[in-house]
Amino acid sequence: MSAANARKPSVWQAFTQPSSWTMFFFGFASGLPFLLVAGTLAYWLRQEELVLRDITLIASAGMAYSFKFLWAPLVDRMRLPVLGRLGQRRSWILLAQLLVIGGLLAMSLLGPGQLSWFVPIVLLVAFSGATLDIAVDAYRIEIAPAEAQGALVAVYSLGYRIALIVTGALALVLADHIDWPRVYQAMAVFMAVPLVANLLAREPDVLRERAADWATGLREGVVEPFADFFRRFGVKVAAALLMFILLFKISDQAMVGGLMGPFYLDQGFTLTQIAAVTKVYGIWIGIFGAFAGGVAVARWGIERSLLVAIIAGALSNLLYLLLIVNNGSLPMLTLVISGENFAQGFLGTAAVAYLSALVNQRYTATQYALFSSLITLPGKLLGAGSGWIVENVGGLGGRLMQRFGFQTQLSEIALGYGLYFLLTVVLIIPALLLFFWLRPRVALGGDSSATAMEEG
C-alpha cells in the first residue's frame, strides 16, 4: 500500500509533468479547426450573402467528427511512411496538423465564391481535425499512467477552450477589421505553435505487436473492439446504449453548427458583440459549468448527474426564445449565453464521465472514438437541415397561428428560429425514456469496464 502511494504523483507533479505541457498544446491543436469549419465559417458565408439552408449545409462539415470511429482503427495501427519515424502517435498528429494548415490556407485563397472547390477543402479540414482528435486522445491515454490522466485532461481542455476563443472571438473581431481570407490565414499560422510542440514531444513508450497476417490485424483492430461491446452488454442492451448515446446530446449538438451565427446577425448584433459575449464570456461560463459537472459527478454519481444535465441542457435552449422577443438586447444575450453555456458545460462533463465508464480499457481508442462520434451525429444532422427548417417552418407556423386567431408581430424567420429551438427540446424525450430503461440494466463499474446487470 505504501509503495503504491509512493509511486502516485502529487497534484503539483501531475500538472507540471512535461506531458501536461504537451497536452496543453495538443488540446489547442485539436480545438483550432473545430469552429473554422462550423460556427465561425457560418459568419463568413452569411456575409457573402449565401442563403441560410446553404450555410447550415456547408457548415455541417463538422459531421466528420461524428464518423471518426470509422477510420480510428487505421490511425491506431497503420504506420505512416517517412513521418512514421516520429512514432505512431506523433506522426499521425503531425500529418493532421499539416493538412489543417494547408486546408485553411486553401480556403483563404479560394473563398466561398468558388464553392465547387471551397466545399471539398472545408471537408478536408474537418476530416483532418477529426483525425487529430483520434491521435491526440490515443497519445494522452498512452503517455501517462491512469493516476495522471485527470491532470492531462484538465490541461488539454484548457488548451482546447483557448483555441475556441481564438477561432471564435478573435476571428470575429479580426473580421470586423480585415477580410475573411486574411483571418483564415492568421488561424493557419496559429497551428504552427502546437506543430513545433509536437516535434519536441516524446512518443509514448508502448510496445506494439504486429499482427501475424492481414486477417488477424483486421479482426484485432476493427472487429474485436465492437464485438467486445456487444459481448459485455448483450445485443439488446448494447443496441439500446448506442441509441441512447446517439440521442442524449441532440439538443446541445443541434446548436453547434451553422445556424447560430446567422441567428445572432439576424438579431442585429455586431461581430464584435457576438465575439465578446458568446466566444469569450460564454466559454468561461462553460468552463464553470464543466467544473460544476465534475463536482456533481463526485457527489451524486454519474447517472444522477447525467439525468440532471440532459434535462438542464435541453431546457436551456428555450432561453433563446427570450432573445427573439428582445431583439438586439445585449443584456439579454448575456443572460441567455450564461444559462445555455453553463448547462452545456455541465452536460459535457457528465457525458464524458458516462462514456468513459462504458469503455473497455483494452480497446480505449477505438471504443471511445465510436462513442464520442455517435454522441454528436444526430444533432449535427439536425443542424445540417436547420436552415431549411427555419426558412420553411416559420411560414407554416405563421399561417397556423393566423388560422387559429393568434396574432404575432414576429417575422416568419423569427418564428422559424423559435420553432426550431422548441424542436430541439422536444427531441430529448426519447433519450430520457431510454435513460430510465437502461438504468437498472447497466452496471457502471469502478475501475473495471461497465457490464450489463444480470436479470432475474
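**Notes on the predicted model**

1. S91 belongs to helix α7, residues 88-110. Helices here are DSSP runs of H or I with at least four residues, strands are E runs of at least two, and both are numbered from the N terminus. S91 has 1% relative accessibility, so it counts as buried; the classes are buried under 20% relative accessible area, exposed over 50%, partly exposed in between, with a 1.4 Å probe and protein chains only. Setting aside neighbours within four places in sequence, S91 is in contact (heavy atoms within 4.5 Å) with L80, L83, G84 and L86.

2. Ground rules before going on. The model is predicted, so local features need pLDDT of at least 70 and side-chain atom pairs count only at pLDDT 80 or more, while totals for chains, interfaces and linings use all residues. Residues are numbered from 1 along each chain as its sequence is written, and side-chain values use heavy atoms, with hydrogens and water left out.

3. The largest nonpolar core has 133 residues, and L104, F244, Y264, Y320 and F421 touch the most other members. Helix α8 (residues 115-143) gives the largest share of this core, 12 residues. A core here is a set of buried Ala, Val, Leu, Ile, Met, Phe, Trp, Tyr and Cys residues joined through side-chain atoms within 4.5 Å. Not counting residues up to four places away in sequence, Y320 touches M255, M260, F263, Y264, V336, I337, E340 and F421.

4. Helix α4 (residues 39-47) has seven of its nine residues buried, so the rest of the structure largely encloses it. The buried ones are G39, T40, L41, A42, Y43, W44 and L45. Just after α4, E49 takes a positive phi of about 65°.

5. Y184 is buried at 0% relative accessibility. Beyond its neighbours within four places in sequence, Y184 is in contact with L36, T40, L41, W44, L104, M107 and S108. Y184 and A106 are 78 residues apart in sequence, with their C-alpha atoms 9.3 Å apart.

6. On charges, the whole structure has seven salt bridges, each a side-chain nitrogen of Lys or Arg within 4 Å of a carboxyl oxygen of Asp or Glu. R231 pairs with E224 at 2.9 Å, N to O, and R231 is exposed at 53% relative accessibility. K249 and D252 have their closest N and O atoms 3.0 Å apart, and both residues are buried. For E303 and R439, the closest N and O atoms are 3.8 Å apart. That pair links distant parts of the chain, 136 residues apart: E303 is in helix α17 (residues 302-315), and R439 is in the loop between α24 (429-438) and β1 (442-443).

7. L158, V280, W284, F288 and F342 make a nonpolar surface patch of about 450 Å². Helix α16 (residues 271-300) supplies the largest share, three residues. F288 lies in α16 and is exposed, with a relative accessible area of 51%.

Methods. Patch = residues over 30% accessible without salt bridge, like charges linked within 9 Å, V, L, I, M, F, W, Y side chains within 5 Å. Areas by Shrake-Rupley, 256 points an atom, 1.4 Å probe, with all protein chains shown as cover.
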